Amino acid sequence: MPISHNLYVFLLPKFGSYFKQLHIYIYTSLLVLLCTIPALPQQDAHFSQYMFTGNLYNPAYSGIYKQTELYLLYRYQWLGLSSTPDDGVNAAPQTLMFAGSTAIKSINSGIGIHLQNDKIAIYQTIDLKINYSYHINIAKGTLGIGAGIGIVNTSIDAQKLKYNDPSDLRIQNLTSNNSANALDINTGIYYAHPRFFAGLGINRLLSPSLFNSTLNDINYSSQKVRHYFLTAGINIKLSDYFTLVPSTFVKLNIPPLAASSFDINFMLKYNNDKLWGGLSYRHNDAAIIILGIGFLKNNALRAGYAFDLSVIGTQAKAGTSHELFLSYYIPVSDVLARPPIRTPRYRY
């Protein structure tokens, strides 16, 4: 019997289930590729290391892995991009985000918070949200059902605008009222299983309007469009030390459905996140390399870096984007559980 056949028979029982999971993921990704409309710009910031920032896009993620998670992420997109050589405006999007979540085991819940500062040229958006998630144990996994509430603030540096008609009353109104706040609500569901995960988050649920004004009986406003975020992935254990995690992250605006995009990532993790590295592709945008390392006991402190290389639309944007990630994870104890009662009778 040929050696190649013997090798196949030996490997098939060991890796067959992994190949089957990988095939399912590839078919699902291809379906997403076929069904998703070409990408257009979105209002909300996106991150290449989306797999580490679940609480940002989905309140149901809060505390679902029964640990406290704190993370800080900074993204500088399209490094070196400027609007024109003489206006002094840095047009490159820059985003700084802090988020955290923790579990409350005694009430099967999780809470989270995130604060984000997103700046694009003369526009700046600050988001502050508080999230809550209720957890239900289903089929060896946990289903989270969550909601969040917060404030969104958008401001415009109107002094850096150039006008064809400086006497336009709309310009005068913007100059005197260049900051606006609105209530913001998000919701979502997330399922975490030892072998896979999937979630759907909806941000800007109320589609809040900012800078509302009326001039000559015409209403003017800037609206935050509702965003839908879908994520899914599979944990494929290759050995005692290596785990392959293919995942996808789909972003939709409805309406318009055309403003959509998605990422596909293959991440290889070593020794419970001691080291990790991965490759991603963002549709109609960039190829991405992600690297990371863990420190301290159980790799509780983790640092990551993502490098984006623009491969489409390079004539309208700078070639590279850079992203830094820092996180800290600690197990959660049940703070509301009754402590043990110790008496001299049973101490010895």
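**Strand pairing and cores in a predicted model**

Let's start with the strands. Strand E3, residues 109-120, runs antiparallel to strand E4, residues 123-138, and twelve bridges join them. Strands here are DSSP runs of at least two residues, helices are H or I runs of at least four, and both are numbered from the N terminus. Two strands pair if DSSP finds at least two bridges between them.

This is a predicted model: local features need pLDDT of at least 70, side-chain atom pairs count only at pLDDT 80 or more, and totals for chains, interfaces and linings use all residues. Residues are numbered from 1 along each chain as its sequence is written, and side-chain values use heavy atoms, with hydrogens and water left out.

Back to E3 and E4. Lys-119 stands opposite Gln-124 in E4. The two strands form a hairpin with two residues between them. In that turn, Ala-121 has a positive phi of about 55°.

Next, E4 and E5. Tyr-134 has Ile-145 in E5 as its bridge partner. This hairpin also has two residues between the strands, and Ala-139 takes a positive phi near 50°.

Now the cores. A nonpolar core is a set of buried Ala, Val, Leu, Ile, Met, Phe, Trp, Tyr and Cys residues joined through side-chain atoms within 4.5 Å. Buried means under 20% relative accessible area, with a 1.4 Å probe and protein chains only. The largest nonpolar core has 26 residues. Phe-47, Tyr-57, Met-97, Tyr-190, Ile-290 and Phe-325 have the most contacts inside it. E15 gives the largest share, three residues. A second, separate core has eight residues, including Val-152 and Leu-210.

Definitions and conventions: Buried < 20%, exposed > 50% of the residue type's maximum accessible area, 1.4 Å probe, protein only.
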